[in-house]
Amino acid sequence: MSVNPMAYEAQFFGFTPQTCMLRVYIAFQDYLFEMMLVVERVILKKLEGFPNSKISPFQIRKSTEKFLLFMKERFDHLFGKMEQVLLQLVLNIPKNVLLPEDKVQEQYPYSKEQFQMLQGEIDQLQKQYKVEVSARQALLAELEEQKVVQTELEKILQWFDGLENICREHGTSNLKESFAFLTQTSKKLQDILKEVEKKNKRLPKSNLHV
C-alpha cells in the first residue's frame, strides 16, 4: 500500500485513495477465499464417487490451503501493480490543478509575514471584544442596581401620595401643613399616653384606701 497521505485527493473525494484501494483489496481477497472453499467442496463431492480412492479430505484441505497461498501471492503481486496505476492515473490530482474552494487563495495570495500580521490583528480584535463584553456586563449590572433604586423611589412616592390623601381627608392639602398636622397629632398622642400612665400609677393607691 502507498504511504503517501494524498491529503489533497482526500479533500476532493471525501475519502483517502489508500482507503479505497484497501477496500477493493479486501473485497477481492474475500472473493478469492470463497472461491477456494467452493472448489474444495466440489472436489470432495467428486471424491465421493471414488470409494476406493486413497485421497483423504485432510489431504484435499492441505492442497487447498497450499493452492490458496500460491494464488494469494500472485494476487498480491498483481494488485500492487494495479494499485500503483490507479493511484497515479485515476485517483491522483495533478499538481497544477486547484480545487474550487482553493481558487480564492490563487487570486489573493499572501506571504507568511502577511499571515502573521492578520493573525495579530485577529488576536487584537478578540481582546477588544472581551473588553467590550466585560464593559457591557458592568453596564447591565449597574442598570439592575438602578432598577432597584427606581423601585424603592416609587415606593416612597406611593407613600407620599398615601400621606397626602390622608391629609386631605383631614382637611389639610399642603404637605408642610400635613407634617405640622402629624406633629400635633403625635404630640396629642404622647400627652394622652402620659395621662394614661399617670392614672395607672394612681390606681393601686385608690384600691388601698378602699
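What share of the 210 residues in the protein chain is buried? Buried residues make up 12% of them. Keep in mind as you go that this is a predicted model.

**Stop 1: the whole chain**

Show the protein chain as a cartoon. There are six helices and zero strands. Read along the sequence, the pattern is α-α-α-α-α-α. Now switch to a surface view. The protein chain exposes about 18200 Å². Carbon and sulfur atoms supply 61% of that area.

**Stop 2: glutamate 9**

Go to helix α1, residues 7-13, and select glutamate 9. Is glutamate 9 buried or exposed? Glutamate 9 counts as buried, because its relative accessibility is 6% and the cut-off for buried is under 20%.

Next, display what surrounds this side chain. Which residues does glutamate 9 contact, leaving aside its neighbours within four places in sequence? Select Gly14, Phe15 and Pro17, then Leu91, Asn92 and Ile93. Each of these is in contact with glutamate 9.

**Stop 3: a nonpolar patch**

Move to helix α3, which spans residues 57-89. Leucine 89 is found in this helix. Leucine 89 has 69% relative accessibility, so it counts as exposed; the cut-off is over 50%. Together with Leu89 they form a nonpolar patch on the surface. The accessible area of the three comes to about 300 Å².

**Stop 4**

Color the pair by accessibility. Aspartate 76 is partly exposed, with a relative accessible area of 30%. Lysine 72 is partly exposed too, at 24%.

**Stop 5: lysine 147 and glutamate 144**

Jump to helix α5, residues 112-169. Select lysine 147 and glutamate 144. Here the closest N and O atoms of the salt bridge are 3.9 Å apart. Why are lysine 147 and glutamate 144 separated by about one helical turn? Because they are three residues apart in helix α5. Lysine 147 is partly exposed, with a relative accessible area of 43%. Glutamate 144 is also partly exposed, at 46%.

**Stop 6: glutamate 152 and lysine 155**

Remain in helix α5 and select glutamate 152 and lysine 155. What links their side chains? A salt bridge does, at 3.9 Å from N to O. These residues lie three apart, about one turn of the helix. Glutamate 152 counts as partly exposed, at 41% relative accessibility. Lysine 155 is partly exposed, with a relative accessible area of 48%.

**Last view**

Zoom out and keep the selections on. Glutamate 9 in helix α1 is buried. Leucine 89 in helix α3 is exposed.

Notes
Residues numbered from 1 in each chain as written. Predicted model: local features only at pLDDT ≥ 70, side-chain atom pairs only at ≥ 80, totals over all residues. Heavy atoms only, no water. Helix = DSSP H or I, 4+ residues; strand = E, 2+ residues; numbered from the N terminus. Buried < 20%, exposed > 50% of the residue type's maximum accessible area, 1.4 Å probe, protein only. Contact = heavy atoms within 4.5 Å. Patch = residues over 30% accessible without salt bridge, like charges linked within 9 Å, V, L, I, M, F, W, Y side chains within 5 Å. Areas by Shrake-Rupley, 256 points an atom, 1.4 Å probe, with all protein chains shown as cover. Salt bridge = Lys/Arg side-chain N within 4 Å of Asp/Glu carboxyl O.
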